[in-house]
Amino acid sequence: MATSMIVITGPGIAAYGFPDGHPFGFDRHDAFLAELRRSDCWPMLERRSARAASREELEYFHRPEYVDRVIELSARGRGYLDLGDTPAFPGVYEAAANVVGGTLEALEGVIAEGRPAFIPIGGLHHAARGGAAGFCVFNDCGVAIEAARRVYGIRRVAYVDIDAHHGDGVFYGFEDDPDALFADVHEDGRFLYPGTGSRGETGQGPAAGTKLNIPMPPGAGDEHFLRAWEEVEDYLERAAPELVLFQCGADSLGGDPITHLAYTEESHAHAARRLKAIAIRHAGGRLLAMGGGGYNRSNLARAWTRVVEELAAPSAVRRQAGAV
Ligand SMILES: [Zn+2]
């Protein structure tokens, strides 16, 4: 049977996490993989390993002096990369470069082969061009948007984020770029880190009015998400992207230890299914999903597995074509 999608797995990305009981521990990759193996879609997946992103690739998005700082703290093996959320450990540079390399490997597959791809330990959406933030050392989403432009000549890239936290590193990294399309459904910043992403934040300068932020009240569940999602779809249909990136953070499910939303994994499945159809309509099927946050292990395993199941399923368009 031909494989239907690409999933990036392996020790390269599993090495990204933080020690000493940190919520973003090293066990998230294996928790997901154990659930995915039990899914009926497992035989349809082509698993690939990450490679390390080169320094040049990291600098598509990040400032050289920040890359220097990560290298220095990684060698020292202690201290913090930000004000206290994101600790350094020996080898953090290599682990973070593998996450970016894994996302770029997935992007290459998406563009060259027109198949969807998923990377579990990716979607590190808080890192800024010049610094770490919120458990995120390098912003693989930001590097992927820049790579789409520089390497593949794709301008209009949609970034869709349903993690409980606002994707501030991506938003502010492309705030004045009208071709970096951005739709983010997240817990209201008055109640959750990083505190940004209000309705009024729609972009700056030439990009004013081009980006969509939808804050959700604490406790919002699937019904609330589905209503917000309709607005995301309207936005994407108008935006007509050439490539779709999907940050499907599982910390928006009920029971996450550090957030206050209450979706089930079916919100994630719905978003994945609809984004796949949008990517087929507008972007030649080019859709790359990244795991993002999620600190309750069974939640992240179920939500990400449902996303992969939807992306691996035969597409609605192909089913229709087959019926004719
Ligand atoms: Zn998050």
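In this predicted model, the buried residues of helix 9 are covered by elements that include strand 4 (157-161), helix 8 (222-239), strand 7 (243-247), strand 8 (287-290) and helix 10 (297-312). The buried residues themselves are E265, S267, H268, A269, H270, A271, A272, L275, K276, I278, A279 and A283.

Helix 9 covers residues 265-283. At 1.5 Å a residue, its 19 residues should span 27 Å. G284 follows helix 9. The phi of G284 is positive, near 60°.

A zinc ion is also present in the model. Its coordinating residues are D163 (OD), H165 (ND1) and D251 (OD), at 1.9 to 2.1 Å. Along the chain, the donors of the zinc ion follow the spacing D-x1-H-x85-D. Two of these residues were examined for solvent accessibility. D163 has a relative accessible area of 1%, under the 20% cut-off, and therefore counts as buried. H165 has a relative accessible area of 7% and is likewise buried, because this value is also under 20%.

A further buried position is E57, with a relative accessible area of 13%. E57 belongs to helix 3 (residues 55-58). Leaving aside residues up to four places away in sequence, E57 touches R51, A52, L104 and V143.

Methods. Residues are numbered from 1 along each chain as its sequence is written. This is a predicted model: local features need pLDDT of at least 70, side-chain atom pairs count only at pLDDT 80 or more; totals for chains, interfaces and linings use all residues. Side-chain values use heavy atoms; hydrogens and water are left out. Donors are N, O and S atoms within 2.8 Å of the metal (3.2 Å for Na, K and Ca); water is not among the atoms, so sites may look incomplete. Buried means under 20% relative accessible area, exposed over 50%, partly exposed in between (1.4 Å probe, protein chains only). Helices (H or I, at least four residues) and strands (E, at least two) are DSSP runs, numbered from the N terminus. The expected span of a helix is 1.5 Å times one less than its number of residues. Contact means heavy atoms within 4.5 Å.
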